[in-house]
Amino acid sequence: MTENKNDVRIRVRFAPSPTGYLHVGGARTALFNWLFARRHKGTFVLRIEDTDEVRSTPESVEAIVDSMRWMGLDWDEGPVDAKGASRGDHGPYFQMQRLENYKKAVQRLLDDGKAYRCYCSKEELDALRQKAQAEKRPLKYDGRCRDLTAEQRAALEAQGKKFSVRLRMPQSGPTVVSDIIRGEVSFDNALLQDLVIQKATGGPTYNFACVVDDHDMEIFHVIRGDEHLSNTPYQLRVYEALGWKPPTFAHLSMILGPDGQKLSKRHGATAVGEYKTTGYLPAALRNFLALLGWSTRDSQQLFAPEELVAKFDLAGCQKNPAVFDPVKLQWMNGEYIRKMSKESLLDACLPFLEAAGLAQEPRERLLPAVGMAQEKFKLLPELSGHIDFFFRAVEYRPEAVKKVLQQAGVKLMLGELEPLIGGTEPFREKALEERIRAFCAEKGLKTGKVFHPIRVAVSGRTEGPTLFGMLELLGKDEVVQRLRKAKELAS
């Protein structure tokens, strides 16, 4: 099956239920739809499936919208905010604002005899399920209301019985789902039950509402997680009953944790917002999620944003489960950090520098510090720990003092280096390196024997940015002062 039959204009959708935050699985689905739309210059629709009256909240809508915006997944049609404002020609984009559409479609199926009223109470249905479990049979509605006469229905309604509406499903033969990723998947109709399309409350069920919406919104491809594959035979029968052409389906692979179990909170953060606050870059998360169930022929790992759009195709999607590897995500984030300009990286880190009390420092001093630390960290909040010593009084780590400063001869050497470094003009990286290397040669010392004590003396730690750039940024007066302080700790 091809991605784009007859090169029609692509319309895809992401349709989350606003009952919580945007999680990794949903974000992957949104990303694949977005990439597919952008690759084919199509339309990406965001639709909010808020028919769960109990659990759907405006706060969840806002959280989903904010997470998608942070990830850079802009939509062409859909809600602008949680209050119902939207843009596009196929709205409304909240299901609760589309109830009349579903009622009309339900009535049409009832009038055509393709659906029927079911008067079974929750207690009766629970009893059916319990009996099926006891007899080890499939949990399937037995169709007891399927062939009620008009008189029987009238009598039940006279008793005040509420009813749901069920679709008449075929009772034999197969329902075949043609899927871009999985090929043809066959479902035995004998195991499928008559689908509830309208609840007793009058609201639509998921499997019915999404069909009506996808038809009304002219969705050409439905790209979603594999957990929806079992819903698809029901949805195909709704399309058939309404005389509508179904979209092309593509069901993405399951996402597993590193232990091979279905991804959950026990594996770490699963909500997109948590990755934002933890210090991941949206471009890195997009790149990582794109590789959960998709790959290029040469197994490319890192993509520029425009390159990811250009190379994405559904042919590269696999049906085997994908493994969410947090170690790989962190590595990838570090790679993206190293590719950024100092200016962009500083801007991305500002919220975390503010939390660390460093954001008020002059930008002209922060930028070179960021540049020197850029190779050293993988998460944005880690930057402050690499550069704080530039802007605060030096704090000497006990292990650095013991390992380096308290070695024999270090105190005397620091005393000799103090006037040498203090007298270097201009106080620039290159001049400082030449002067200190000359000192090493003159004293017959290996560079490490000199460089390490200077590093600990001015930063308080054994690791960090390039030594001579660090000295230049600190400035002559501060370096000399720190050398004197370190000399008091040295042996």
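Visitor: Which elements each supply at least two residues of the lining of the second largest pocket?
Guide: In this predicted model, the elements that each give at least two residues to that lining are helix H4 (122-134), strand E6 (164-167) and H6. Of these, H4 gives the most to the lining of the second largest pocket, with 5 residues.

Visitor: And what volume does the second largest pocket have?
Guide: The computed volume of the second largest pocket is about 590 Å³, and 26 residues line it, with Leu125, Arg129, Arg166, Gln193 and Val196 lying nearest its centre. By class, that lining holds 14 nonpolar, 5 polar and 7 charged residues.

Visitor: Arg166 is in E6, then. Which way do Arg166 and the other residues of E6 point?
Guide: Ser164 and Arg166 point one way from E6, whereas Val165 and Leu167 point the other way, and all are buried.

Visitor: What does E6 pair with on the E9 side, and in which sense?
Guide: E6 pairs with strand E9 (residues 196-198) in the antiparallel sense, over 2 bridges. Arginine 166 has valine 196 in E9 as its bridge partner, and Arg166 and Val196 are both among the residues nearest the centre of the second largest pocket.

Visitor: How many bridges join E5 to E6?
Guide: Strand E5 (residues 115-118) is joined to E6 by 4 bridges, and the two strands run antiparallel. Within that pairing, alanine 115 stands opposite leucine 167 in E6.

Visitor: Changing topic to cysteines: how many disulfides does a search of the whole structure find?
Guide: The search of the whole structure finds 0 disulfides. Cysteine 118, for instance, is in no disulfide, and the nearest cysteine sulfur, that of cysteine 120, is 3.8 Å away.

Visitor: Are cysteine 118 and cysteine 120 buried or exposed?
Guide: Cysteine 118 counts as buried because its relative accessibility is 1%, and cysteine 120 also counts as buried, at 11% relative accessibility. The cut-off applied here is under 20% relative accessible area.

Visitor: Back to pockets. What lies nearest the centre of the largest pocket?
Guide: The largest pocket is lined by 39 residues, and His23, Gly25, Gly26, Glu227 and His228 lie nearest its centre. Two or more lining residues come from each of strand E1 (11-14), helix H1 (24-39), helix H6 (206-216) and strand E10 (221-225), and H1 provides the largest share, 5 residues.

Visitor: What about its volume, and how does the lining of the largest pocket divide?
Guide: The volume of the largest pocket is about 1,000 Å³, and its lining residues divide into 14 nonpolar, 15 polar and 10 charged.

Visitor: Last one: how many cavities of 30 Å³ or more are there?
Guide: The count comes to 1 cavity of 30 Å³ or more, and the volume of the largest cavity is about 30 Å³. Its lining consists of Leu99, Tyr102, Lys103, Val106, Gln198, Gly202, Gly203 and Pro204, and the largest share, 4 residues, comes from helix H3 (residues 99-111). By class, the lining of the largest cavity has 4 nonpolar, 3 polar and 1 charged.

Definitions and conventions. Residues numbered from 1 in each chain as written. Predicted model: local features only at pLDDT ≥ 70, side-chain atom pairs only at ≥ 80, totals over all residues. Heavy atoms only, no water. Disulfide = S-S within 2.5 Å. Buried < 20%, exposed > 50% of the residue type's maximum accessible area, 1.4 Å probe, protein only. 1 Å grid on protein atoms, 1.4 Å probe; cavity = no way out; pocket = protein on both sides within 12 Å on 5 of 7 lines; lining within 4 Å. Points joined across faces, edges and corners; volume = space filled by probe spheres on them. Nonpolar A, V, L, I, M, F, W, Y, C, P; charged D, E, K, R; others polar. Pairing = 2+ DSSP bridges.
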